[in-house]
Amino acid sequence: MQRGLDPKQGYARYAHEYDELEKFWDSFEQNKLDPYIAESAGKRVLDAGAGTGRVSLKLHAAGAKVTALDISPEMLAKLHQKEPDIEIVEGDMEDMPFEDEQFDMVFSSLALVHLKKVESFLNECYRVLKDGGKTVLVNIHYRKSMLLKDNQGKYTIEAYNHFPRHLTEAAEKLAFGVEYDEILTEGDDVWVSQMLVLRK
Ligand SMILES: C[S@@+](CC[C@H](N)C(=O)[O-])C[C@H]1O[C@@H](n2cnc3c(N)ncnc32)[C@H](O)[C@@H]1O
């Protein structure tokens, strides 16, 4: 099966259009991030797979000191145009360019879907978090891969669904405590996303 473009290439093409679907991206969260965004005030926070800053901007507005990590310089450039005070770092969320125990909270929304496996990313979250720190994840379910189109033609971006139970178990294996775990659904009971909050 064709898996689509890798995220770095894919988001280089998609960056200029990503924000047009903001309401669609928001819909995966159903406002469940709000209390954690409020909790980030005054904290050192990493947004992993931050993209154009949909969540980073809310964290910054709530008073967090935000570092936005993404593999796509084109997505980060959009974020930087909107808010130059947010630190942007180009890099891989599976191999983060940070020292151990730097952050009070790690957020990652809508980005896990681009990783083949979740273990390296979870390991990195654990490593860069301070003791007692929290990881707040929104693990989305793509029912089918999004067909995108630009002047070079049609394309998709590599994506993998991670079943909620698997993600929770992988986190528990790393000694994360599970603070909150909810599967969000739509009318027909198909899962749209998982909200998972982990404590180191
Ligand atoms: C659907 S967007 C989500 C952006 C933002 N978190 C949001 O909620 O709107 C997925 C983002 O993950 C980034 N990404 C994918 N794989 C990555 C990786 N291995 N390391 C860092 N960022 C990655 C992509 O470049 C893209 O910006």
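Here are a few exercises, with worked solutions, on a predicted model.

**Exercise 1. Work out the strand order of the open sheet, and find which strands stand at its edges.**

Start with the order: the seven strands run S3-S2-S1-S4-S5-S9-S8, and the pairing is mixed. Now look at the two ends. Strand S3 (87-90) and strand S8 (177-185) each have a single partner strand, so one side of each is left without a neighbour in the sheet. As for the twist, going from one strand to the next gives 15 degrees on average.

**Exercise 2. Take S4 and S5: in which sense do they pair, parallel or antiparallel, and over how many bridges?**

Recall that strands in a sheet pair through backbone hydrogen bonds, in either a parallel or an antiparallel way. Here, strand S4 (residues 103-109) and strand S5 (residues 129-140) go for the parallel sense, with six bridges. For a spot to check on screen, find Phe107, which sits opposite Val136 in S5. Then bring in helix H6 (residues 119-128): it packs on the sheet and touches S1, S4 and S5. The direction of H6 makes about 150 degrees with that of S5.

**Exercise 3. Find out which strands helix H7 lies across, and its angle to S9.**

Pick out H7 at residues 164-173 and see what lies against it: S5, S8 and strand S9 (191-199). Next, compare directions: H7 runs at about 10 degrees to S9.

**Exercise 4. Describe the largest nonpolar core and the surroundings of Ala68.**

Nonpolar side chains tend to be buried together in soluble globular proteins. In this model the largest nonpolar core has 49 residues, and Val45, Ala68 and Val106 have the most contacts inside it. S5 gives the most to this core, with five residues. Now zoom in on Ala68, skipping neighbours within four places in sequence: its contacts include Asp47, Ala50, Leu76, Ile86 and Val89.

**Exercise 5. Decide whether Arg44 is buried, exposed or partly exposed, and list what it touches.**

Arg44 lies in strand S1 (residues 44-48). Count around it: 15 other C-beta atoms fall within 10 Å. Buried takes 20 or more and exposed takes 12 or fewer, so Arg44 comes out as partly exposed. Beyond residues up to four places away in sequence, Arg44 touches Lys65, Gln102, Phe103 and Asp104.

**Exercise 6. Characterise the shell around the ligand.**

There are 19 residues around the ligand, and the closest are Pro7, Gly49, Gly51, Arg54 and Ser72. Sort the shell by class and you get 10 nonpolar, five polar and four charged residues. Finally, check the helices: H1 (7-14) and H4 (54-61) each supply at least two residues of that shell.

Conventions. Residues are numbered from 1 along each chain as its sequence is written. This is a predicted model: local features need pLDDT of at least 70, side-chain atom pairs count only at pLDDT 80 or more; totals for chains, interfaces and linings use all residues. A residue is near a molecule or strand if its C-beta atom, placed from the backbone, lies within 6 Å of it. Helices (H or I, at least four residues) and strands (E, at least two) are DSSP runs, numbered from the N terminus. Ala, Val, Leu, Ile, Met, Phe, Trp, Tyr, Cys and Pro count as nonpolar, Asp, Glu, Lys and Arg as charged, and the others, Gly among them, as polar. Two residues are in contact if their C-beta atoms, placed from the backbone, lie within 7 Å. Two strands pair if DSSP finds at least two bridges between them. Axes are lines fitted to C-alpha atoms, for helices over the stretch in contact, and angles run from 0 to 180 degrees between N-to-C directions. A nonpolar core is a set of buried Ala, Val, Leu, Ile, Met, Phe, Trp, Tyr and Cys residues joined through C-beta atoms within 7 Å.
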